[in-house]
Amino acid sequence: MNPQLSVMTHIRGGVFTRADARACGYPDPDIDSLLDTGGWRRIRPGTYAPHQTLTLVDDAMLHVRRLFQVLRRGDPGLIASHQSAAALHALPLWGLDLTTLHLTTRTAHPGPHPPGTHHHVRDPIGPGITTWNKLRLTTPARAVAEVAATAPLAPAVALTEATLYAGLATLPSLKRSATHLLGDVDGPLARALRVFELACTESASVAESRLRLILAEAGLPKPSSSAPPMSDDQLVDLACALWFPDQRTVVEFEPRFPFWSEEFDDYATDAADRAFGASPSVDPDPPEPLEYCFISWHDLDTPRTVVDQLRSTFARAARQTGVHLFDPTRQRRPRSAFRRSHLYLSTATPDQPS
């Protein structure tokens, strides 16, 4: 089941209709095949459920169910936007506030809004509006631009990278959407553009996105795009590891909340290779790793601890190799007057006897 159909399953409380499956990209032959083979089971005519799937009632599920009810029963001019639109696009919602529904409308309505909803009034609405399964929502590029301008940095970067990984938008389209929406507001526009500058196209999960953001903000070296050179007897999941060849270090992490790509197919043999495999090394004779470091999901909550752990690991590897990389950004202590005079005396040539 692809993530978009999973969203509709959350909306309908664990079931979905044939129309939902069609809207999520499943043709009728595939639907019939899944029903015949037992992958899906019939609940009643035209309504199905995934076989042996545990439906968890979490914040994301409650958010999309409330959103569906508001869009179907409320004002027809309401459009899902911000993280509410991201939820309908099946993008990861880690770290985003899901207590409030975000809706965009052309005109403000008198009287109080339903509790737990925030209406963004824009006239004109502008481009970037689409319809999915009879629901009006902003496109992925516009939704990400809206979140990047309003949400905390780490969740906004993770959402941006997931959108790029899924092929739902490109960096130029994200920047165009942000410029069009926020062109007259310097603060939010600068915030959104900073998110896009920090976004990395190589992240494949929320955990990796958080870790790479910590590396970038701390000024630590950027990991290689190649897989670490590992022997067969070393049990390291290459999808959960970053390789630092100059530091001879492998950093492992928990791959929490992996991203999804629309290019995946439920039955494609190469889907697992793209999601969990690693690209081969481009170095014909890469150096063997010397140090290993493991970063847990909970470690990412304290970036200072992660940075200290990585610096310590890099230092251990440097002591083993005896090679110390020059850091031009490191501040140098000025020489004291005593050290300068001592250096002058030690280098001065004694007077030659006459």
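Biologist: Where is the place of Pro 124?

Modeller: Bear in mind that this is a predicted model. Pro 124 sits in the loop that runs between strand 6 (117-121) and strand 7 (129-132).

Biologist: And what is the peptide bond from Asp 123 to Pro 124 like, cis or trans?

Modeller: The bond from Asp 123 to Pro 124 is cis in the model, and its omega is near 5°.

Biologist: Changing topic, how many residues does helix 4 have?

Modeller: Helix 4 covers residues 59-73, which is 15 residues, and the distance from its first C-alpha to its last is 21 Å, close to the 21 Å expected at 1.5 Å a residue.

Biologist: Which residues of helix 4 are buried, and why do they line one face?

Modeller: The buried residues of helix 4 are Met 61, His 63, Val 64, Leu 67, Phe 68 and Leu 71. Viewed down the helix axis they fall within an arc of 160°, so they line one face of helix 4. The face turned away from that buried side carries the exposed residues Asp 59 and Arg 73.

Biologist: What covers the buried residues there?

Modeller: The cover includes helix 1 (3-11), strand 4 (79-80), helix 5 (82-88), strand 5 (101-105) and strand 8 (135-138).

Biologist: Which residues touch the most other members of the largest nonpolar core?

Modeller: In that core of 56 residues, those with the most contacts to other members are Leu 5, Tyr 26, Trp 40, Leu 71, Leu 88 and Phe 196. The largest share of this core comes from helix 6, with seven residues. A second, separate core has 22 residues, including Ala 158, Ile 295, Trp 297 and Leu 310. As general background, nonpolar side chains tend to be buried together in soluble globular proteins.

Biologist: What is Trp 40 in contact with?

Modeller: Setting aside neighbours within four places in sequence, the contacts of Trp 40 include Met 1, Leu 5, Phe 16, Tyr 26, Ile 31 and Pro 50.

Biologist: On to charges, how many salt bridges are there?

Modeller: The count comes to 13 salt bridges. One of them joins Asp 28 to Arg 18, with the closest N and O atoms 3.0 Å apart. This pair links distant parts of the chain, since Asp 28 is in helix 3 (residues 28-37) and Arg 18 is in helix 2 (residues 18-23), 10 residues apart. Asp 28 is partly exposed at 30% relative accessible area, whereas Arg 18 counts as buried at 18%. Arg 18, Arg 22, Asp 28 and Asp 32 are linked in a salt-bridge network.

Biologist: What about Arg 142 and Glu 146, how far apart are their closest N and O atoms?

Modeller: Those atoms are 3.2 Å apart, and the two residues form a salt bridge. Because Arg 142 and Glu 146 are four residues apart in helix 6 (residues 140-150), about one helical turn separates them. Arg 142 and Glu 146 are both buried.

Biologist: Last one, how many disulfides does a search of the whole structure find?

Modeller: The search finds zero disulfides. As for individual cysteines, Cys 240 is buried with a relative accessible area of 8%, and Cys 293 counts as buried at 3%.

Terms used:
Residues are numbered from 1 along each chain as its sequence is written. This is a predicted model: local features need pLDDT of at least 70, side-chain atom pairs count only at pLDDT 80 or more; totals for chains, interfaces and linings use all residues. Side-chain values use heavy atoms; hydrogens and water are left out. Helices (H or I, at least four residues) and strands (E, at least two) are DSSP runs, numbered from the N terminus. The expected span of a helix is 1.5 Å times one less than its number of residues. Buried means under 20% relative accessible area, exposed over 50%, partly exposed in between (1.4 Å probe, protein chains only). The arc is that of the directions from the helix axis to the C-beta atoms. Contact means heavy atoms within 4.5 Å. A salt bridge is a side-chain nitrogen of Lys or Arg within 4 Å of a carboxyl oxygen of Asp or Glu. A nonpolar core is a set of buried Ala, Val, Leu, Ile, Met, Phe, Trp, Tyr and Cys residues joined through side-chain atoms within 4.5 Å. A disulfide is a pair of cysteine sulfur atoms within 2.5 Å.
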